[in-house]
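Thanks for coming. I will go through one structure, starting from a single residue and ending with the whole chain. Please have a look at it first.

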Amino acid sequence: MATPLQILKKIKQQAIYSNLSKWLSPIRINVGMSTCEIAAGSKPVYETLLEEIKKKKLKGVYVGRKGCVGRCHLEPTVEVFRRGAAPFKYVNVDPAKAKKIIQEHAGKTRIEKNGQISSGDALSGRCDFIFGDLEDFKKQKRTVLRNCGVIDPEAVEDYLSVRGYEALAKVLTEYTAGQVVDEVLKSGLRGRGGGGFPTGTKWNFVAREKSELKYVICNADEGDPGAFMDRSVIEGDPFNVIEAMTIGGFAVGASQGIVYIRAEYPLAVERIKKAIVKARELNFLGKNILGSKFSFEIEVVLGAGAFVCGEETALINSIQGERGMPRVRPPFPAVKGLWGKPTLINNVETWASIAVIILDGWQGFASIGTEKSKGTKVFALAGKIKNTGLVEVPMGTTLGEVVFDIGGGIKEGNKYKASQTGGPSGGCLPVQYLNTKIDYDSLISAGSIMGSGGLIVMDEKDCMVDVAKFFLEFTQDESCGKCTPCREGTKRMLEILERITKGAGREGDIEKLEKLGNTIKKTALCGLGQTAPNPVLSTIRYFRHEYEAHIKEKKCPSAVCGELFTSPCQHTCPVHIDIPQFIGQIRNNDSKGSIETILKRNPLPSVCGRVCHHPCESNCRRGKIEDPVSIMMLKRFAADYASGDNIKLASYKGKELKEKVAVIGSGPAGLSCDYH
């Protein structure tokens, strides 16, 4: 009787033979067809390539799809593989560039090598090509994302060519259920959904329960603003998730799996459904999988997009057709979950690590990362960073390495201010924490959390009070309303923040926010409520001076909170010159008026016009569409014009004091004090 491994070998051969035209094509062109690539314009590129091949009657050219590589700032992307030549990669491709690609590659019998990496016929060799020679990928380690951007996510033969389903066949041939659980336990894998609970321990809890029916659930309800890790994995490598869930079902004794995915991910939903159908056709799902005694099925359930349904008990309620609200634990889902049966729940990224652990052994996975945080972690880089997109790094990589070495640093030459880790439930870490290692314990001690992997980078132009308000608005809106601390507490915190950003903040507001936040953390029912105050508490901890400026000075240092200023340039001027007025006077040839406007606040326009660090220009609204107005040069012009006796200025007197005043220092500050 054939073993599952032997049966898999035959399935692989049949899949490859039935797609010989693909494998024997001298040229293969892969086009990025994930949601982000399509949004960037890859669909017209894909269609143009097919049209050009048809128009030119070219043979031996295969055009395929690929998932997200993670280089969002360079999309759409296209890779060309030609037998006997080094591969080529193209970025920011449009239909016109697509025509040139066909002309350059498909119309030639020989092309020059581009780089040192040669293209093989197997997909496994392409991963090094796609990532290996890029600076922003050198510190990455692709485990979860190993197949994303490499294979066609809708072609099971592509997945099989990169050792797809070998882990499942190996488990069904060589392992007992207990050995699989032990392998995951020893690997040190922790849940990547945010809580960081040891995966093997959770599997063991479910496996020990005695029940005729158990469930396995993939939590793909990704709701963090700026996070798109789970979507990209399912869109780029759906068979990997299905294989892992099947292995999990075997390990814990479950016969039914459910992928709970938000309906706002139509492409991911489409691809996971297609992958399930194909897996069923090839007996990777269904009865007696690969000739074994194990049977397992998977279905897809769509979520309505509630952030709280990422919490596992709320998710279970949603699947059961009830309102998505968390419940008190214990009992935990491992004991009493879906329909009251033992249920194993892991998120997409956790599942995507399972096959690697089985194929390469727990030792390989455990050798990556830190003592208490093993393996790699995927992050979605967003915000004021040059290289936006997905990155995957070993646990223990520092925050600074992710932001600057991989992310390319802050765009537009601005200064780094903070990073928000852990999504709306995380904290904002300032510049002094750039050397913090990215692992569960280090981030918690710094006042943030790992979360599911959202990482939003902020620069000097971001107001941290406004950032805290933004995230609290999200969590307050997404609160299910079941428990009073979350429902009422976050609302009261939001009211205080709104008052502060409108210039109506009062003494004691900061202390109220801290007290409310700490109370909610201790008393809220679920993880959403317990972590909702984190953005507020962390910004108070590290940026308290910005809160104080809003409350005491009625000033937003970053010129973001609109009700606290007239214009950003005037608001950020160290001496509060009415910049719009004096620029307008220069425009109207009123040189005398312009210098008098400056002198009201600054007695040294000539000196300051040369030494000022001009924060006004960095906040000039015109700078968002082109170069900012040269405010400092205009100040120099007005001063130089007046100093040539071209105009007679009115005299301004400072305060008359009875006491004598000694001014120490003859720089701009001292002379200004002397003047006033």
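Let us begin with Ile53, which lies in helix H4. Helices here are DSSP runs of H or I with at least four residues, strands are runs of E with at least two, and both are numbered from the N terminus. Before I go on, a note on the source: this is a predicted model, in which local features need pLDDT of at least 70, side-chain atom pairs count only at pLDDT 80 or more, and totals for chains, interfaces and linings use all residues. Residues are numbered from 1 along each chain as its sequence is written, and side-chain values use heavy atoms, with hydrogens and water left out.

Back to Ile53. Is Ile53 buried or exposed? Its relative accessibility is 10%, so Ile53 counts as buried. The cut-offs are under 20% relative accessible area for buried, over 50% for exposed, and partly exposed in between, with a 1.4 Å probe and protein chains only. Leaving aside residues up to four places away in sequence, Ile53 touches Leu58, Val61, Val63 and Ile102; contact means heavy atoms within 4.5 Å. For a sense of distance, take Gly375: it is 322 residues from Ile53 in sequence, and the two C-alpha atoms are 43 Å apart in space.

Next, some backbone details. Lys57 sits in the loop between helix H4 (42-55) and strand S2 (61-66). Its phi is positive, about 55°, although Lys57 is not a glycine. Lys57 is exposed, at 72% relative accessible area. Asn92 also has a positive phi without being a glycine, near 50°. You will find Asn92 in the loop between strand S4 (88-90) and helix H5 (95-106), and with a relative accessible area of 41% it is partly exposed.

Where are the cis peptide bonds I want to show? One joins Arg329 and Pro330, with omega about 0°. Another runs from Pro330 to Pro331, with omega near 5°. Pro330 is in the loop between helix H14 (312-319) and strand S8 (343-347), and Pro331 is found in the loop between H14 and S8 too.

Now the aromatic rings. A pair of aromatic rings is described by how far apart the centres are and by the angle of the planes. Rings of Phe, Tyr and Trp (for Trp, the six-membered ring) pair if their centres lie within 6.5 Å; planes under 30 degrees apart are stacked, over 60 edge-to-face, and the rest tilted. How many aromatic pairs does this rule give? The count is 12. In one of them, the ring centres of Phe250 and Phe294 are 5.5 Å apart and the planes are at 80°, so this pair is edge-to-face. Phe250 belongs to helix H12 (residues 238-252), while Phe294 is in the loop between helix H13 (266-281) and strand S7 (297-303), so the pair ties together parts 44 residues apart in sequence. Both Phe250 and Phe294 are buried.

Phe470 and Phe471 form another edge-to-face pair, at 5.1 Å between centres and 75° between planes. Phe470 is partly exposed, at 43% relative accessibility, whereas Phe471 is buried, at 3%. There is also a cluster, in which ring pairs link Tyr159, Tyr165, Phe239 and Phe284.

One ring has a charge to mention. Lys377 lies over the face of Phe379, 5.4 Å from the ring centre. The rule asks for NZ of Lys or CZ of Arg within 6 Å of the ring centre and within 35 degrees of the ring normal.

Lys552 is in helix H24 (residues 534-552), and it is exposed, at 53% relative accessible area. Gly503 is 49 residues away from Lys552 along the chain, and their C-alpha atoms are separated by 9.1 Å.

Last, the whole protein. The protein has 31 helices and 13 strands. Its C-alpha atoms fill a box of roughly 110 × 65 × 40 Å, taken along the principal axes. Of its 676 residues, 57% are buried. Looking at contacts between residues at least 6 apart in sequence, 70% join residues at least 24 apart.

That is the tour.
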